[in-house]
Amino acid sequence: MTTQESGVSFAFEELLARSAALRERGPVHHDEERGLWRVLDHPGVSRVLSDPAAFSSDFSGLTPVQEDFETFRKGNFVGMDPPDHRKLRTLVSQAFTPRVVAGLEPRIRAIAGELLDEVDGESRFDVVDALAYPLPIIVIAELLGVPVADRPLFTRWAQVLFSGDQLGESADMDDIQRALDAIAPTIREMNAYILDHIRHHRAHPGPGLTSRLVEAEFNGERLEDQEIVGFVALLLIAGHITTTALLGNAVVTFDRNPAAAAALRSSPSGLPAALEEVLRMLPPFPELGRRTTHEIELGGHRIPENSIVMADLAAANRDPAFFDRPDAFDPARSPNPHLTFGHGIHFCFGAPLARLEGRVAFEVLFERYRDLAVATDAPVVFQNPSVIVSVRHLPLDVERA
């Protein structure tokens, strides 16, 4: 890889500038314009994420309501507190074990190779279209027992939900309501599709994760169909988008750090640590919201009950008290206590799969190409960084090994 400064304006640096500007206002402060509290230091963000009794994931009554979303969120335990969260996560864990994830490596490697075979012989291709989007979608679809042939549909859903195209610059409650209304037809379509998929697995059990979710029990209870819909949607859409972001962000980061990329090519055993550093510097979801359940003292401030608190992962991941040279890319950084996958009961259960997919994808890329460089004469298109830190299109110039 070679650095191509002229080819990439690197819009991600806006994230760095934003975090730095916010940090100047203090590690905990009230954002009067948005009507919420911001927490930016590593200890503060860790506390917010690890204390669901004080910082709830349930925003009922505080955010706009949209009927299709309310139906869909029933099984989405990301927005739940104990004990409901524990029940759903325990049931899901029965069907999504470390052994299942580890056993996917040969298949992930085969899929990555097959996808790159489709662009074999080309000296330029869009790595998002060719690999970063389809790889995790195919893996998740196969894991769930969902038809892989429907992956263009899943890609379209993800684009609608995570592009941020429906949001304006203000992102106030009215703006969010308009965005929810615009996205609602997609949510309705997803709900119907996944519900049909679940009913099929109830009638025709198979080896896929969906069949195991249908059969899983917790204290004699099984998941209702609509609860499974919420989880399957979470895994199918949100579960793949993080890996897509990681792969694209890593390509851009390695391109800007050619010495590190050359070292990784020579010694791929360093890939796991390097990818953790990409996750630290460019968390796909830079903020996580919580609601205070009572008046809370944090960072010398008293935060009222029912306040919205935004835990800024991007800023916490660059806290100079926890990270030496926090704005520098250090592919061998250790320890690396980044908070990109969350913290506490809501730590991302899909993190092992994302890490595995990222490592395998770059091993395959390095084996196949002696050089990868972001094109200098074609546009790199970024997603809306207020929604997700990721590239939408990333053209690469490549040389076959």
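Me: What covers the buried residues of helix H13?

Reply: The cover includes helix H12 (225-256), helix H14 (271-281) and helix H16 (351-368), where contact is taken as heavy atoms within 4.5 Å. Bear in mind that this is a predicted model, in which local features need pLDDT of at least 70 and side-chain atom pairs count only at pLDDT 80 or more, while totals for chains, interfaces and linings use all residues. Residues are numbered from 1 along each chain as its sequence is written, and side-chain values use heavy atoms, with hydrogens and water left out. Helices (H or I, at least four residues) and strands (E, at least two) are DSSP runs, numbered from the N terminus.

Me: Which are the buried residues of H13?

Reply: A residue is called buried under 20% relative accessible area, exposed over 50%, and partly exposed in between (1.4 Å probe, protein chains only). In H13, which spans residues 258-266, the buried ones are Ala260, Ala261 and Leu264. Seen down the axis of H13, these residues fall within an arc of 100 degrees, so they line one face of the helix; the arc is that of the directions from the helix axis to the C-beta atoms. An α-helix has 3.6 residues a turn, so residues three or four places apart point the same way. On the other side of H13, Ala259 and Ser266 are exposed.

Me: How many residues of H14 are buried?

Reply: H14 is mostly covered, with 9 of its 11 residues buried, among them Leu271, Ala274, Leu275 and Val278. The buried residues of H14 pack against helix H1 (13-23), H12, H13 and H16.

Me: At what angle do H12 and H14 pack?

Reply: An angle between helices is taken between axes, which are lines fitted to C-alpha atoms over the stretch in contact, and it runs from 0 to 180 degrees between N-to-C directions. For H12 and H14 the angle is about 100 degrees, with the axes 10 Å apart. That makes H12 roughly perpendicular to H14, since angles under 35 degrees count as roughly parallel, over 145 as roughly antiparallel, 65 to 115 as roughly perpendicular and the rest as oblique. Where the two helices meet, the residues include Leu246 and Phe254 in H12 and Leu275 and Leu279 in H14.

Me: Is the crossing of H6 and H16 left-handed or right-handed?

Reply: A crossing is left-handed if the near helix is turned anticlockwise from the far one by less than a right angle, and right-handed if clockwise. The crossing of H6 and H16 is right-handed. Helix H6 (residues 105-117) packs on H16 at an angle of about 45 degrees, with their axes 9 Å apart, and that makes H6 oblique to H16.

Me: How many residues of strand E10 are buried?

Reply: In a regular strand the side chains alternate between the two faces of the sheet. In E10 (residues 308-312), 5 of the 5 residues are buried, so the strand is largely enclosed by the rest of the structure. Ile308, Met310 and Asp312 lie on one side, with Val309 and Ala311 on the other.

Me: Which strands do bridges join to E10?

Reply: Two strands pair if DSSP finds at least two bridges between them. Strand E2 (residues 36-39) runs parallel to E10 and is joined to it by 3 bridges, with arginine 38 opposite methionine 310. Strand E7 (residues 287-292) runs antiparallel to E10, with 5 bridges, and here arginine 290 stands opposite valine 309.
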